[in-house]
Amino acid sequence: MKRIGLYLLPLAAFLVVAVFLLRGLWLNPREVPSPFIDKPAPAFSLAQLAKPDAQFAPADMKGQVWLLNVWASWCVACRQEHPLLVELARNKAVPIIGLNYKDKPDAAVKWLAQLGDPYDLSVKDLDGRIGIEYGVYGVPETFVIDKDGVIRFKQIGPVTEEAWRKTLLPLIEKLRSA
Amino acid sequence: MRILLALLLAAWLPLAATPAMATTEPTAMDPVAARRLVDLAAQLRCLVCQNQSIAESDAELAVDLRKQINEQIAAGKTDREIVDFMVTRYGDFVLYKPPFKASTVLLWVGPIALLLVAVFFFLRTLTVRRARIQERPLTDAERAEAQRLLASTDRNKS
């Protein structure tokens, strides 16, 4: 009986390795966990897209749960998530601030005029410096920021209907009641 | 065998080559700083094209990050500070060499632990086997038989 146990050992080892590798197959290497989760959103002050004279800082949103959505007119995936954002804005689901990342302001304004403007306001990150501060490595990305200005979640890639329903909305509701 | 060796060598060569900067950015900087820029950029993973370092990648983000490194070198930051800057923003994932910490213990210690376990079982098997062999002197009858056999083979040879 002891011998059989010994012979089964390699099989067991193989199964353990197989389970790990199988799990690895379903992980998305593009989704790099953000080191900012549960950390304060980095402060910045940038000129607004619509009103270049006015500035915006994340501290202005204190006391609200809000989304910081990184977008650009040159970004194809942004087009994909845009209708959902517009709908959220129409339903006043959550305040959305746009970080217009490495874009030409003219092109950005035109893009919003064409497709609708879901943003409470957008700020211009012309050289992508604030993007780096937030660890942005692709557009679009969306941060969920709580009442105290702490980042609670980062959606990498477009916000899909499913991501909104299953992850973002429940999280926002939880943060609001907190 | 020789083919295998040639294949191995071919696979090794690209690794040996030093990473060249992907794009020609203005490099009016002193050679020491330039060297540091390349060294630092080569340690950091480009998150857009994940199998290239920031030094090799042509992605826009990599260009921006090289610019960042460049500025920070100019500002007198140490290599360590610059790497920390990247890690706080992009996480440990930017490092090609993962740091040793609780979540990576298995990664770093695993192979050594596996080797130790293997050595342990190997030695144990040897001792068990040695214990099972019984040393027993030959009886007189057996000795005589052995000598007879030896003698007979000797005769056959000659």
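These legends describe close-up views of a predicted model, in which local features need pLDDT of at least 70, side-chain atom pairs count only at pLDDT 80 or more, and totals for chains, interfaces and linings use all residues. Residues are numbered from 1 along each chain as its sequence is written, while chains are lettered from A and ligands numbered from 1 in the order in which they are written.

**View 1. Chain A overall.** Chain A has five helices and seven strands. These are DSSP runs numbered from the N terminus: helices are H or I with at least four residues, strands are E with at least two. Along the sequence the pattern reads α-β-β-β-α-β-α-β-α-β-β-α. The C-alpha atoms of chain A fill a box of roughly 80 × 35 × 30 Å along the principal axes. Chain A has a radius of gyration of 21 Å, whereas a compact globule of 178 residues would have one near 16 Å. That radius is taken over C-alpha atoms, and the globule rule is 2.2 Å times the number of residues to the power 0.38.

**View 2. The open sheet of chain A.** Five strands line up in the order 5-4-3-6-7, with mixed pairing. Two strands pair if DSSP finds at least two bridges between them. Strand 5 (121–125) and strand 7 (151–156) of chain A are the edges, each pairing on one side only. Neighbouring strands are turned by 20° against each other on average, direction ignored. Axes are lines fitted to C-alpha atoms, for helices over the stretch in contact; angles run from 0 to 180 degrees between N-to-C directions.

**View 3. Strands 3 and 6, with helix 5.** Strand 3 (residues 66–71) and strand 6 (residues 141–145) of chain A run antiparallel, joined by five bridges. A:Leu68 stands opposite A:Phe143 of strand 6. Helix 5 (residues 161–177) of chain A packs on the sheet, touching strand 6 and strand 7. Its direction makes about 165° with that of strand 7.

**View 4. The largest nonpolar core.** This core has 57 residues; A:Leu67, A:Phe143 and A:Ile145 have the most contacts inside it. A core is a set of buried Ala, Val, Leu, Ile, Met, Phe, Trp, Tyr and Cys residues joined through C-beta atoms within 7 Å. Buried means 20 or more other C-beta atoms within 10 Å of the residue's own, with C-beta atoms placed from the backbone. Beyond four places in sequence, A:Leu67 touches A:Val94, A:Ile96, A:Ile97, A:Thr142, A:Phe143 and A:Val144. Contact means C-beta atoms, placed from the backbone, within 7 Å.

Note on methods
A residue is buried if 20 or more other C-beta atoms lie within 10 Å of its own, exposed if 12 or fewer, and partly exposed in between; C-beta atoms are placed from the backbone. Two residues are in contact if their C-beta atoms, placed from the backbone, lie within 7 Å.
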